[in-house]
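Welcome! Take a moment to look over the sequence and the 3D picture, and then we will walk through them together.

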Amino acid sequence: MLNYALLLHAAPYSHQAALSALRFADTVVANGHRMKTIFFYHDGVHNASALMAPPQDEVHLADGWKRLHQEHGTELLVCVAAGLRRGLLDVSEASRHGVMSHSLEAPFELTGVGQLVDAMLTSDRMITFAP
Amino acid sequence: MMLHLLNRSPRSTATYQDVSEAFGSDDHLLLIEDACYAAQPSAGAALEPFGGRVSVLQEDLVARGLAKRVDPSVEVVDMNGFLALTETHERCVSWF
């Protein structure tokens, strides 16, 4: 069994990369490996939006990531600097910056790039998906 | 021994040039997403630098209507085959 980490740079629905990453993550767990961490970086932070509401007959990417967390304990880490720039804030960041609402909720976590380095060091494989 | 993941169409000649310069003698190339277009026999010399150590992702071929237009020198793998390549190659670098 190998520990996998994925780094996702791409926004949902703009490019194939987010769907490719989700499909790869599902394959990882289906083959008995551990899908340890997914790190959302740059435009990839939009995958964590709690407000995402795609048509019901399309793949719901945010629900896909959450399912990985619920069923397999996958950490869903969102770069805080990339998120703040793009309007991805949890309750505490929204309060800290004085904005009216928040757009990011658990199981997604706002973290720094230190967590990305940690994921690289503690995983057997790091696979990058980008636009 | 490194796995190179490439998602750009062969029109991105500079990216293919960069991959070929970094490609070691034990390395393997996996074409995903729009890089599937490079697996067609008509794509020309795009894959020549990789010495036949090239695979292409079946699901992305099918999505583009290219499943029956793959050069015989390119191995077709499904998602399980993609995962297997990451199991056997300790390091994986993505080009985009």
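How many helices and strands does the secondary structure of chain B come to? The secondary structure of chain B has three helices and five strands, where helices (H or I, at least four residues) and strands (E, at least two) are DSSP runs, numbered from the N terminus. This is a predicted model, in which local features need pLDDT of at least 70 and side-chain atom pairs count only at pLDDT 80 or more, while totals for chains, interfaces and linings use all residues. Residues are numbered from 1 along each chain as its sequence is written, and chains are lettered from A and ligands numbered from 1 in the order in which they are written.

**Chain B as a whole**

- The C-alpha trace of chain B spans about 30 × 30 × 20 Å along its principal axes.
- Chain B has a radius of gyration of 12 Å, which agrees with the value near 12 Å for a compact globule with 96 residues; this radius is taken over C-alpha atoms, and the globule rule is 2.2 Å times the number of residues to the power 0.38.
- Of the 96 residues of chain B, 34% count as buried, meaning that 20 or more other C-beta atoms, placed from the backbone, lie within 10 Å of the residue's own.

**Strand 2 of chain A and its partners**

- Six of the seven residues in strand 2 (residues 34–40) of chain A are buried, so this strand is mostly covered.
- Strand 1 (residues 3–8) of chain A pairs with strand 2 of chain A in the parallel sense over six bridges; strands pair if DSSP finds at least two bridges between them.
- L8(A) has F40(A) as its bridge partner in strand 2 of chain A.
- From strand 1 of chain A, the chain crosses through helix 1 (residues 17–30) of chain A to strand 2 of chain A in a right-handed β-α-β crossover; with the strands pointing away from the viewer, a right-handed path from the first strand over the helix to the second runs clockwise.
- Strand 2 of chain A also pairs with strand 3 (residues 75–79) of chain A, in the parallel sense over four bridges.
- In strand 3 of chain A, V78(A) is the bridge partner of F40(A).

**Where the chains meet**

- The contact takes 14 residues from chain A and eleven residues from chain B, with two residues in contact if their C-beta atoms, placed from the backbone, lie within 7 Å.
- Helix 3 (79–88) and strand 5 (91–95) of chain B are the elements that give two or more residues to the side of chain B that touches chain A.
- Helix 3 of chain B gives the most to that side, with six residues.

Technical notes:
A residue is buried if 20 or more other C-beta atoms lie within 10 Å of its own, exposed if 12 or fewer, and partly exposed in between; C-beta atoms are placed from the backbone.
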